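I opened my notebook to write down what I looked up in this one. Here are my entries, in the order I made them.

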Amino acid sequence: MTVEGAGQDYLTRQIGALLAAIREEGPVGEGRRSFRLAGHLAAEGGFHLGDILAATAHLLAVHAWNNGYLAAAEVLTRRMRDFGAESVELVQHLVRLETGSEQGWLPRDDREALIDYARRVQRPDIEQRARAIAPLLPDVSDPESPDRMASES
(Lines give C-alpha, C1' and ligand atoms only; values in the text may rest on other atoms or scores of the structure.)
Protein backbone atom coordinates (compact mmCIF):
# COMPACT_ATOMS: atom_id res chain seq x y z
CA MET A 1 0.00 0.00 0.00
CA THR A 2 1.31 3.43 -0.91
CA VAL A 3 1.48 6.30 1.52
CA GLU A 4 -1.28 8.01 -0.46
CA GLY A 5 -3.42 4.86 -0.23
CA ALA A 6 -2.82 4.69 3.50
CA GLY A 7 -3.95 8.31 3.81
CA GLN A 8 -7.15 7.59 1.90
CA ASP A 9 -7.81 4.54 4.07
CA TYR A 10 -7.34 6.68 7.18
CA LEU A 11 -9.79 9.31 5.90
CA THR A 12 -12.31 6.59 5.06
CA ARG A 13 -12.05 5.29 8.63
CA GLN A 14 -12.43 8.83 10.01
CA ILE A 15 -15.55 9.43 7.91
CA GLY A 16 -16.92 6.09 9.14
CA ALA A 17 -16.20 7.13 12.74
CA LEU A 18 -18.02 10.42 12.18
CA LEU A 19 -21.10 8.65 10.79
CA ALA A 20 -21.03 6.16 13.68
CA ALA A 21 -20.84 9.04 16.17
CA ILE A 22 -23.85 10.71 14.56
CA ARG A 23 -25.85 7.48 14.87
CA GLU A 24 -24.66 6.80 18.44
CA GLU A 25 -25.35 10.28 19.77
CA GLY A 26 -28.98 9.83 18.95
CA PRO A 27 -31.50 12.23 17.57
CA VAL A 28 -31.56 14.58 20.54
CA GLY A 29 -27.85 14.75 21.25
CA GLU A 30 -26.03 18.03 20.80
CA GLY A 31 -23.50 16.41 18.53
CA ARG A 32 -20.48 17.23 20.69
CA ARG A 33 -18.56 14.11 19.70
CA SER A 34 -19.70 14.39 16.07
CA PHE A 35 -18.60 18.00 15.78
CA ARG A 36 -15.26 17.20 17.44
CA LEU A 37 -14.65 14.34 14.97
CA ALA A 38 -15.73 16.58 12.09
CA GLY A 39 -13.18 19.19 13.16
CA HIS A 40 -10.42 16.57 13.19
CA LEU A 41 -11.54 15.28 9.80
CA ALA A 42 -11.42 18.79 8.37
CA ALA A 43 -7.92 19.39 9.72
CA GLU A 44 -6.51 16.02 8.69
CA GLY A 45 -8.39 15.55 5.43
CA GLY A 46 -7.99 19.01 3.99
CA PHE A 47 -11.73 19.73 4.08
CA HIS A 48 -13.06 23.23 4.68
CA LEU A 49 -14.07 23.34 8.35
CA GLY A 50 -17.39 25.11 7.72
CA ASP A 51 -18.31 22.57 5.03
CA ILE A 52 -17.72 19.51 7.21
CA LEU A 53 -19.40 21.09 10.24
CA ALA A 54 -22.43 22.12 8.16
CA ALA A 55 -22.66 18.59 6.75
CA THR A 56 -22.43 17.13 10.25
CA ALA A 57 -25.17 19.45 11.54
CA HIS A 58 -27.31 18.51 8.55
CA LEU A 59 -26.88 14.77 9.20
CA LEU A 60 -27.70 15.24 12.89
CA ALA A 61 -30.80 17.29 11.96
CA VAL A 62 -31.98 14.63 9.52
CA HIS A 63 -31.42 11.95 12.16
CA ALA A 64 -33.46 13.97 14.69
CA TRP A 65 -36.23 14.65 12.15
CA ASN A 66 -36.46 10.99 11.12
CA ASN A 67 -36.86 10.00 14.75
CA GLY A 68 -39.60 12.54 15.45
CA TYR A 69 -37.52 15.10 17.36
CA LEU A 70 -38.62 18.14 15.38
CA ALA A 71 -37.42 20.75 17.87
CA ALA A 72 -33.93 19.20 17.91
CA ALA A 73 -33.95 19.11 14.11
CA GLU A 74 -34.83 22.80 14.03
CA VAL A 75 -32.04 23.70 16.47
CA LEU A 76 -29.50 21.71 14.45
CA THR A 77 -30.68 23.29 11.19
CA ARG A 78 -30.18 26.75 12.71
CA ARG A 79 -26.76 25.66 13.93
CA MET A 80 -25.89 24.45 10.42
CA ARG A 81 -26.53 27.96 9.12
CA ASP A 82 -23.95 29.30 11.58
CA PHE A 83 -21.20 27.60 9.58
CA GLY A 84 -21.64 29.95 6.62
CA ALA A 85 -23.94 30.42 3.65
CA GLU A 86 -21.45 28.88 1.20
CA SER A 87 -21.09 25.75 3.31
CA VAL A 88 -24.87 25.41 3.66
CA GLU A 89 -25.28 25.83 -0.10
CA LEU A 90 -22.66 23.15 -0.74
CA VAL A 91 -24.41 20.73 1.64
CA GLN A 92 -27.79 21.40 0.01
CA HIS A 93 -26.38 20.73 -3.45
CA LEU A 94 -24.53 17.60 -2.32
CA VAL A 95 -27.70 16.23 -0.74
CA ARG A 96 -29.54 16.93 -4.00
CA LEU A 97 -26.72 15.25 -5.95
CA GLU A 98 -26.70 12.15 -3.76
CA THR A 99 -30.49 11.88 -3.82
CA GLY A 100 -30.58 12.23 -7.59
CA SER A 101 -27.78 9.72 -8.04
CA GLU A 102 -29.58 7.23 -5.81
CA GLN A 103 -32.93 7.69 -7.58
CA GLY A 104 -31.47 8.03 -11.06
CA TRP A 105 -33.42 11.23 -11.71
CA LEU A 106 -33.95 14.79 -10.51
CA PRO A 107 -36.52 17.43 -11.40
CA ARG A 108 -35.06 19.33 -14.35
CA ASP A 109 -34.88 22.66 -12.46
CA ASP A 110 -32.99 21.03 -9.56
CA ARG A 111 -30.59 19.32 -11.97
CA GLU A 112 -29.92 22.59 -13.81
CA ALA A 113 -29.39 24.45 -10.51
CA LEU A 114 -26.90 21.78 -9.48
CA ILE A 115 -25.00 22.07 -12.79
CA ASP A 116 -24.99 25.89 -12.54
CA TYR A 117 -23.66 25.66 -8.98
CA ALA A 118 -20.89 23.26 -10.03
CA ARG A 119 -19.81 25.60 -12.82
CA ARG A 120 -19.88 28.65 -10.55
CA VAL A 121 -17.66 27.05 -7.91
CA GLN A 122 -15.50 25.32 -10.53
CA ARG A 123 -16.30 21.76 -9.44
CA PRO A 124 -16.22 19.65 -12.62
CA ASP A 125 -16.63 16.50 -10.50
CA ILE A 126 -20.02 17.70 -9.29
CA GLU A 127 -21.03 18.85 -12.77
CA GLN A 128 -20.08 15.49 -14.29
CA ARG A 129 -22.09 13.57 -11.69
CA ALA A 130 -25.06 15.94 -12.10
CA ARG A 131 -25.05 15.49 -15.88
CA ALA A 132 -25.20 11.72 -15.39
CA ILE A 133 -28.56 12.08 -13.62
CA ALA A 134 -31.61 11.98 -15.86
CA PRO A 135 -33.78 15.12 -15.73
CA LEU A 136 -37.40 14.63 -14.73
CA LEU A 137 -39.38 16.83 -17.06
CA PRO A 138 -42.48 18.72 -15.86
CA ASP A 139 -45.74 16.78 -16.21
CA VAL A 140 -44.02 13.40 -16.33
CA SER A 141 -45.96 11.21 -13.96
CA ASP A 142 -43.65 8.20 -13.96
CA PRO A 143 -40.36 8.97 -12.16
CA GLU A 144 -39.16 5.46 -13.05
CA SER A 145 -38.80 6.60 -16.67
CA PRO A 146 -38.05 10.33 -16.40
CA ASP A 147 -36.95 10.82 -19.99
CA ARG A 148 -40.10 9.29 -21.51
CA MET A 149 -41.45 12.66 -22.69
CA ALA A 150 -38.05 13.76 -23.96
CA SER A 151 -37.86 10.71 -26.24
CA GLU A 152 -41.45 11.27 -27.46
CA SER A 153 -40.78 14.83 -28.66
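**Ground rules.** I count a contact when heavy atoms lie within 4.5 Å. On that basis, residues 24 or more positions apart make up 50% of the contacts in the protein with a separation of 6 or more. I am working on a predicted model, where local features need pLDDT of at least 70 and side-chain atom pairs count only at pLDDT 80 or more, while totals for chains, interfaces and linings use all residues. Residues are numbered from 1 along each chain as its sequence is written, and side-chain values use heavy atoms, with hydrogens and water left out.

**Overall layout.** I looked up the elements as DSSP runs, numbered from the N terminus: helices are H or I with at least four residues, strands are E with at least two. The protein has eight helices and two strands. From the N terminus on, I read them off as α-α-α-α-α-β-α-α-β-α. I also checked burial (under 20% relative accessible area is buried, over 50% exposed, partly exposed in between, with a 1.4 Å probe and protein chains only). Of the 153 residues, 32% count as buried.

**Largest pocket.** A pocket here is an open set of points on a 1 Å grid over the protein atoms alone, where a 1.4 Å probe fits and protein lies on both sides within 12 Å along at least five of seven lines; lining residues have an atom within 4 Å of a point. I noted about 960 Å³ of space in the largest pocket, the volume being what probe spheres set on the points fill. It has 32 lining residues, and the closest to its centre are Asp 51, Ala 55, Leu 90, Val 91 and Leu 94. Which helix gives the most to the lining? That is α5, with 10 residues. Among the elements that each supply at least two are α1 (3-25) and α3 (49-66). I sorted the lining into 17 nonpolar, seven polar and eight charged residues. For this, Ala, Val, Leu, Ile, Met, Phe, Trp, Tyr, Cys and Pro are nonpolar, Asp, Glu, Lys and Arg charged, and the others, Gly among them, polar.

**α5 against α7.** On the α5 side I found Leu 90, Leu 94, Leu 97, Glu 98 and Ser 101, meeting Ile 126, Arg 129 and Ala 130 in α7. The residues of this contact divide into five nonpolar, one polar and two charged.

**Val 62.** This residue lies in helix α3. Val 62 is partly exposed because its relative accessible area is 34%. I also looked up Leu 76, 14 residues apart from Val 62 along the chain: their C-alpha atoms are separated by 9.0 Å.
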